Amino acid sequence: MVITPDDWSAIRVTLALASVVTVLLLLLGTPIAWWLAHSKSRWRGPISALITLPLVLPPTVLGFYLLIALGSSGPLGRLTQALGLGLLPFHFSGLVFASVLYSMPFVVQPIRNSFEAAGKRPLEVAACLHARPLDAFFRVALPLARPGLLIGAILGFAHTLGEFGVVLMIGGNIPGETRVLSMQIYNHVEALEYAQAHWLAGGLLIASFFVLLAIYLYGPKRRMF
Amino acid sequence: MARSAECFEMIRARFELAFAGFALQAAMEMPADGVTAIFGPSGCGKSTLLRCVAGLERAASGYLHVSAETWQDDSRGIFLPTHRRLLGFVFQEPSLFSHLNVRRNLEFGYDRAPSGQHKITWKRTIELLDVGALLHRMPDGLSGGEKQRVAIARAVLAGPKLLMMDEPLAALDAERKREILPFLGQLQKEMAIPVLYVSHNIEEVAQLADHLVLLRAGRVVASGPLAQMLARLDLPTAQDEDAGVVIDTRVASRDERHHLVRLEFAGGEVYVARESLVLGQAIRLRIQARDVSLALTEHHDSSILNRFPATVVEVANANNPANAIVRLDAGGTALLARVTQRSLEQLQMGIGSKVWAQVKAVALME
């Protein structure tokens, strides 16, 4: 077997990161997507733009600002220290924080599309059938948005798997803590260990392909991307 | 005391609401039983008015009392959210929950209704709307008519004190309409709760409604009992191509030899060729103004079967300058006739003239 213990450690960190981030993104992204789909607030445009930024911004730019903000003299850094969490950069928790922001648009957009496609009518019907707003949300709006939730979860997970630039800026390359798969591949290539790079890169390539294939084969008719 | 109790049973509403290019300023009262139709052309605010009653649209100012309960009163800061109003709402599109099968769709409102609120049982509702065979199907696989029957059953099973329907048949073809209309009448009789029915189709209204609210450009033009309203010449309904009256009759006797049935009403009788009717059965007739012609004497030599002596009560211009619309009193029952201005002049007919109304066609509203 060519996969080293270091490689396995990177795979474990990556899978843990992607899983935690996906769960957090579903919890955070769903209410945000709901708000974006239904709010009439004038803040809707600016918030949409802000959430979509990571889609177009070089990851290094996002990582750079996060490094500063989360650093010991940055506003978020002071906050995390005051809360007794310490500093997030160069820790797994820092990667989680950065990845949540970085993968946010990939999760919010499909969920938002699903909410918008369903429209207000199902909620009006639910209200006419005596369902309280929260009841209507969980029993009607969420089940109807299931395709979007599924796609959002898959894209969020897959996108976090492939993260590199942000991790490089904010997480460094600490084995077992912040060294993710993409980082490990980079290390192998730097060390001219092409065979090992192939195992990891090829594995990631094939896994990503099958995830996307699953979406296109079994996902909803409406394409999000 | 009796007077105030009666008022309490009424539904009273007033709404003021402004959109870009449209304002709703509607005040209305309706009896707490029977079907009240909100009738008017597209874009007159019928649906908005209904949505205000449901609380789906928040009128800037208004009040709404439904049988001794206040659902909205902005002067006192009261606005009951939709989910706390005991109403049933049937939308124009069936709007079934696509992720639930028919049974779960029906249970959604049924399970959330306050206990003891159901005026009609689960079993009877399923039977009346004939949805028993559909219970395990998903909404996507149903026909338009089936979907709307399920939607109506779902609204009824939510245990409403007021059932609202927003053009529930508009999206269906004529055949599906005929399939559903009789259910609606029967349902209303058995539930004995008030129904608010929005429509722009006078035939549906003539068939179902007891009470009519006429809406034009966001305002209530007039409201009252259906038969009285349809006989009024000062209302836009009289200018309609399909203008006509409704008459409530009872099956009095059968003429087996000629395959006819005699229907009696206050001040007259009509013969119709419908042998399926049962003696004593109540039947509503609709007689359109275009099917009534006038003569000064009784034409015994005419093939027209239904002729009534009547008095001209009122004459007005019709939708077309060649025509006039005439309101007749036939022994206490109002009839409308559309005739040419030329005929009126030649026959010297005017208010008070004694005439014979000859009815060429009678529609039975079953």
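This is a predicted model: local features need pLDDT of at least 70, side-chain atom pairs count only at pLDDT 80 or more; totals for chains, interfaces and linings use all residues.
Colleague: What is the distance between the end C-alpha atoms of helix α1 of chain A?
Modeller: Helix α1 of chain A covers residues 5-38, which makes 34 residues. At 1.5 Å a residue, it should span 50 Å. The model agrees with this, because the end C-alpha atoms are apart by 48 Å.

Colleague: At which residue does α1(A) bend?
Modeller: The bend in α1(A) is about 30 degrees. A proline, A:P31, follows within four residues of the bend. The residue at the bend is A:G29.

Colleague: Which elements of chain B each supply at least two residues of the side that touches chain A?
Modeller: The contact takes 13 residues from chain A and 16 residues from chain B. Those that each supply at least two residues of the chain B side are β7 (87-90) and α3 (102-112).

Colleague: How many residues of each class has the side of chain B that touches chain A?
Modeller: The contact takes 16 residues from chain B. By class, that side has eight nonpolar, seven polar and one charged residues.

Colleague: Is B:S95 buried or exposed?
Modeller: B:S95 lies in the loop between β7 and α3 of chain B. Its phi is positive, about 50 degrees, although B:S95 is not a glycine. A residue counts as buried if 20 or more other C-beta atoms lie within 10 Å of its own. B:S95 has 21 other C-beta atoms within 10 Å, so B:S95 is buried.

Colleague: Is B:H259 buried or exposed?
Modeller: The loop between β12 (244-255) and β13 (260-265) of chain B holds B:H259. B:H259 is not a glycine, yet its phi is positive, about 60 degrees. B:H259 has 10 C-beta neighbours inside 10 Å, so B:H259 is exposed.

Colleague: Why is helix α2 of chain B described as largely enclosed by the rest of the structure?
Modeller: Helix α2 of chain B covers residues 46-54. Its buried residues include B:L49, B:L50 and B:V53, and also B:K46 and B:R51. The helix is largely enclosed because the buried residues number eight of the nine.

Colleague: Which residue follows α2(B)?
Modeller: The phi of this residue is positive, near 85 degrees. The residue is B:G55.

Colleague: How many residues of strand β10 of chain B are buried?
Modeller: Strand β10 of chain B (residues 211-216) runs parallel to strand β3 (residues 35-39), joined by four bridges. In that pair B:A37 stands opposite B:L212. Strand β10 is largely enclosed by the rest of the structure, because its buried residues number five of the six.

Colleague: Which residue takes a positive phi in the hairpin of β10(B) and β11(B)?
Modeller: Six bridges join β10(B) to β11(B) (residues 219-225), and the strands run antiparallel. B:L215 stands opposite B:V220 in this pair. The hairpin has two residues between the strands, and the one with a positive phi near 45 degrees is B:A217.

Colleague: Which elements give two or more residues to the side of domain 1 of chain B that touches domain 2 of chain B?
Modeller: Chain B is divided into domain 1 (2-229) and domain 2 (244-365). Their centres, taken over C-alpha atoms, are separated by 33 Å. The contact takes four residues from domain 1 of chain B and four residues from domain 2 of chain B. On the domain 1 side, the elements that give two or more residues are α7 (202-208) and α8 (226-230).

Conventions: Residues are numbered from 1 along each chain as its sequence is written. Chains are lettered from A and ligands numbered from 1 in the order in which they are written. The expected span of a helix is 1.5 Å times one less than its number of residues. The bend at a residue is the angle between axes fitted to the seven residues ending there and the seven starting there. Two residues are in contact if their C-beta atoms, placed from the backbone, lie within 7 Å. Ala, Val, Leu, Ile, Met, Phe, Trp, Tyr, Cys and Pro count as nonpolar, Asp, Glu, Lys and Arg as charged, and the others, Gly among them, as polar. A residue is buried if 20 or more other C-beta atoms lie within 10 Å of its own, exposed if 12 or fewer, and partly exposed in between; C-beta atoms are placed from the backbone. Domain bounds come from an automatic or database domain assignment. Two strands pair if DSSP finds at least two bridges between them.
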